Amino acid sequence: MKLGLHISDFTWDGGPVALRGTLGDIAVRAEHAGYDRVSVMDHLWQIAHLGPPEHEMLEAYTTLGFLAAKTERVKLLTVVTAVVYRDPGLLAKAVTTLDILSGGRAMLGIGAAWNEEESRGLGLFFPSTAERFERLEEALQICLQMWSDDEGPFEGTHYRLARTLNSPQSLSRPHPPILIGGAGERKTLRMVAQYADACNIFDTPELAHKLEVLREHCERLGRDYDQIEKTAQLRFDLGPNGERVDQTIEHLHELAGLGIEVAHGGLADVSKPGTLELMGERVIPAVADL
């Protein structure tokens, strides 16, 4: 099992002046600890269960470009991009740019979007749920076309591109891995089976059932279920003095037993000295062979 660090809270000691240094330090320490990937949210305001909207939040792809320059090995992605925040041609170009400038370490994390409050607040496009899912599927098709040898037009219901030219092409071939976030049984997991290289499902009691639904979609579509990387989204809390390390390792064993290959999530007190190092010393080695 591999671990991914999700950075979703930028409200740290020192405020905005210190944010750049703290963020870079966290990314470097996570890489040294043995994390496989680092992600950020694609939000512009803080989300409710982490803090008030006024808390600090950085734009995702600018942040990932900064992290690309600070690291050498970890994969970089959003968990996950709101499909309606960027037109697909621009999104494919942004991920391609990240892939090239990171030396082939970009992933496209994408989903149907949900935060209407921040969208309305900043004047962003936010159509109905049904339309967002339609746009998600077309965006996936456009990204895959732009990462192929086909630079012809794309004619969809919502998007029309006259020429899907993408130069230079991504270093990751055939394309940067695509991760779809969400666990909707009828649409999201079907799109995972049809288009994605990885899923990202919240760590809930329904996780095993959601994976079985994904398997069923794969069978209907003729997709090899084992080709899809299974990632679970959770939150790590080792305790103020590491008293929950063993409990964390035990739970990761449980997730591995369900077939989860990447446990991806935030880490309590991530900016505190020693927290990432404890993950690297105790947790990451304990699950590496699962």
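Helix H8 (residues 245–258) has 14 residues, and its first and last C-alpha atoms lie 20 Å apart, close to the 20 Å expected at 1.5 Å a residue. The expected span is 1.5 Å times one less than the number of residues. Helices (H or I, at least four residues) and strands (E, at least two) are DSSP runs, numbered from the N terminus.

This is a predicted model: local features need pLDDT of at least 70, side-chain atom pairs count only at pLDDT 80 or more, and totals for chains, interfaces and linings use all residues. Residues are numbered from 1 along each chain as its sequence is written, and side-chain values use heavy atoms, with hydrogens and water left out.

In H8, the buried residues are Val245, Thr248, Ile249, Leu252 and Leu255. They line one face of the helix, because they fall within an arc of 115 degrees seen down the axis of H8. The arc is that of the directions from the helix axis to the C-beta atoms. Buried means under 20% relative accessible area, exposed over 50%, and partly exposed in between (1.4 Å probe, protein chains only).

The face of H8 turned away from the buried side carries the exposed residues Asp246, Gln247, Glu250 and Gly257. The cover over the buried residues of H8 includes strand E1, helix H7 (207–221), strand E10 (229–236), strand E11 and helix H9 (275–287). Contact means heavy atoms within 4.5 Å. After H8 comes Gly259, with a positive phi near 105 degrees.

Helix H3 (residues 88–101) also has its end C-alpha atoms 20 Å apart, in agreement with the 20 Å that 14 residues should span. Its buried residues are Pro88, Leu91, Ala92, Val95, Thr96, Leu98 and Asp99. They cover an arc of only 160 degrees around the axis, which puts them on the same side of H3. An α-helix has 3.6 residues a turn, so residues three or four places apart point the same way.

The buried residues of H3 pack against helix H2 (60–70), strand E3 (75–78), strand E4 (81–82), strand E5 (108–111) and helix H5 (129–146). Leu90 and Leu101 are exposed, on the face of H3 turned away from the buried side. Gly103 follows H3 and has a positive phi, near 80 degrees.

## The sheet

Nine strands form an open sheet with parallel pairing, in the order E3-E2-E1-E11-E10-E9-E8-E5-E4. E3 and E4 stand at the edges with a single partner strand each, so one side of each is left without a neighbour in the sheet. Two strands pair if DSSP finds at least two bridges between them.

Strand E1 (residues 2–7) is mostly covered, with five of its six residues buried. E1 runs parallel to strand E11 (residues 262–267), joined by four bridges. Here Lys2 stands opposite Val262 in E11. E1 also pairs with strand E2 (residues 37–40), in the parallel sense and over four bridges. His6 stands opposite Ser39 in E2, and Ile7 has Val40 as its bridge partner in E2.

## Backbone angles in the loops

Most residues other than glycine have a negative phi, and most peptide bonds are trans. The table lists sites that depart from this pattern.

| Site | Backbone value |
|---|---|
| Val79 to Val80 | cis, omega near -20 degrees |
| Arg173 to Pro174 | cis, omega near 10 degrees |
| Ala113 | phi near 75 degrees |
| Asp269 | phi about 60 degrees |

Val80 lies in the loop between E3 and E4. Pro174 is in the loop between E7 and strand E8 (178–181). Ala113 is in the loop between E5 and helix H4 (116–122), and is buried at 15% relative accessibility. Asp269 lies in the loop between E11 and H9. Asp269 is partly exposed, with a relative accessible area of 48%.

## Cysteines and the recorded domain

A disulfide is taken as a pair of cysteine sulfur atoms within 2.5 Å. By this rule the count is zero. The sulfur of Cys143 is 19 Å from the closest cysteine sulfur, in Cys199, too far for a bond. The sulfur of Cys199 is 9.0 Å from its closest counterpart, in Cys218, also too far. Cys143 is buried at 0% relative accessibility, and Cys199 is buried with a relative accessible area of 0%.

UniProt, in an unreviewed entry, places the feature "domain: Luciferase-like" at residues 23–249. UniProt positions follow the numbering used here, feature names are shortened, and annotations may be inferred rather than shown by experiment. Over residues 23–249 the chain is 39% helix and 15% strand, and the end C-alpha atoms are 26 Å apart.
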